[in-house]
Amino acid sequence: MKLEIWTEKYRPQRLDEVVNQSHVVSRLKQWVKEGSIPNLLFAGPAGVGKTTVALALAKELFGEHWRDNFQETNASDERGINVIRGRIKDFARTRPIGAEFKIVFLDESDALTPEAQQALRRTMEKFSNVCRFILSCNYSSRIIEPIQSRCAVFRFKRLTKDDVKTYIKRIVDNEGISIDESGYDALFEISEGDLRRATNLLQAASTLGKVDRNSVYDVASLAKPEDVKEMLDYVIKGSFDDAKEKLYDMLINQGLAGEDIICLLYTSPSPRD
């Protein structure tokens, strides 16, 4: 039996299914009704729906021809000028199938070199009659101004705990997963609102049986905040042998990385709180 990747299996297929981001979806739906879109720039954290919205938009605009008229390129993999002059330009210059224009989706476009961005600007101008560009990035400030000025800019919000739980519950109900409230809390804590990461963690944790705080942290290979806080409590009390024993447990028994424990030391609440 082929293992399905849940991030793809449960990816929203239509704009109405996108979690949150209503300020983006409402404007895009209006353009879908009109049958045309401008160049777009999607900015925001990872895993909040930028790629999903681009795919859903293409499917609603092009219907059965969406694969023919949609090209996705990850700029972090192909960040030089050659990919703009080659693959993207070749796709942009060909006529669309069953539509008035095509869409080039350039994910992580803030990874493009300045030279590649200048080449992209010229490509956007040259083929504006048959092609639209959707650029996705974490930081819009890394996109040169001539490109930003040619795009309608949408800023995607970081998802809340309720947003993540709503999406995860959809998967839980469909897959028949046993999960308690601590599992939902842990998925949000670790993913920080990144639905892609939360879904991957859920799929991994579900193989261990019931999804709870322990199973989620186990598959994430991260130190639990309460373990680090317990170690700090021992230090504050002067119980250094107990603190060393707790640290040994995290490093050796749990197999955690020392770097992760150090990072958590800076983010954990004070033991005196």
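Predicted model: local features only at pLDDT ≥ 70, side-chain atom pairs only at ≥ 80, totals over all residues.

User: Which side chains of strand S5 point to the buried face?

Analyst: In a regular strand the side chains alternate between the two faces of the sheet. Strand S5 covers residues 152-155, strands being DSSP runs (E, at least two residues; helices are H or I, at least four) numbered from the N terminus.

User: Which residue of S5 does phenylalanine 42 stand opposite?

Analyst: Strand S1 (residues 40-43) and S5 pair in the parallel sense over four bridges, and two strands count as paired if DSSP finds at least two bridges between them. Within S5, the residue opposite phenylalanine 42 is phenylalanine 154.

User: How are the rings of phenylalanine 42 and phenylalanine 154 arranged?

Analyst: The structure holds six aromatic pairs, where rings of Phe, Tyr and Trp (its six-membered ring) pair if their centres lie within 6.5 Å, and planes under 30 degrees apart count as stacked, over 60 as edge-to-face and the rest as tilted. The rings of phenylalanine 42 and phenylalanine 154 have centres 6.0 Å apart and planes at 75°, so this pair is edge-to-face.

User: Which residues form one aromatic cluster?

Analyst: Phenylalanine 42 is buried at 0% relative accessibility, and phenylalanine 154 is buried at 2%. The rings of phenylalanine 42 and phenylalanine 156 have centres 5.1 Å apart and planes at 55°, so that pair is tilted. Phenylalanine 156 is also buried, at 5%, and one cluster is formed by Trp31, Phe42, Phe154 and Phe156.

User: How many residues apart in sequence are the parts tied together by glutamate 175 and lysine 9?

Analyst: The side chains of these two residues meet in a salt bridge at 2.7 Å, N to O, a salt bridge being a side-chain nitrogen of Lys or Arg within 4 Å of a carboxyl oxygen of Asp or Glu. Glutamate 175 lies in helix H7 (residues 161-175) and lysine 9 in helix H1 (residues 6-9), so the parts they tie together are apart in sequence by 166 residues.

User: Over the face of which ring does lysine 165 lie?

Analyst: Lysine 165 forms a salt bridge with glutamate 181, the closest N and O atoms being 3.0 Å apart. A charge sits over a ring if NZ of Lys or CZ of Arg is within 6 Å of the ring centre and within 35 degrees of the ring normal. At 5.1 Å from the ring centre, lysine 165 lies over the face of tyrosine 184.

User: About how much accessible area does the nonpolar surface patch have?

Analyst: The patch is formed by Leu247, Tyr248, Leu251 and Ile252, and isoleucine 252 has its place in helix H12 (residues 240-253). Patches are made of residues with over 30% relative accessible area and no salt bridge, like charges being joined within 9 Å and nonpolar side chains (Val, Leu, Ile, Met, Phe, Trp, Tyr) within 5 Å. Accessible areas come from the Shrake-Rupley method with a 1.4 Å probe, only the protein chains shown counting as cover for residues, and together the four have about 360 Å².

Methods. Residues numbered from 1 in each chain as written. Heavy atoms only, no water. Buried < 20%, exposed > 50% of the residue type's maximum accessible area, 1.4 Å probe, protein only.
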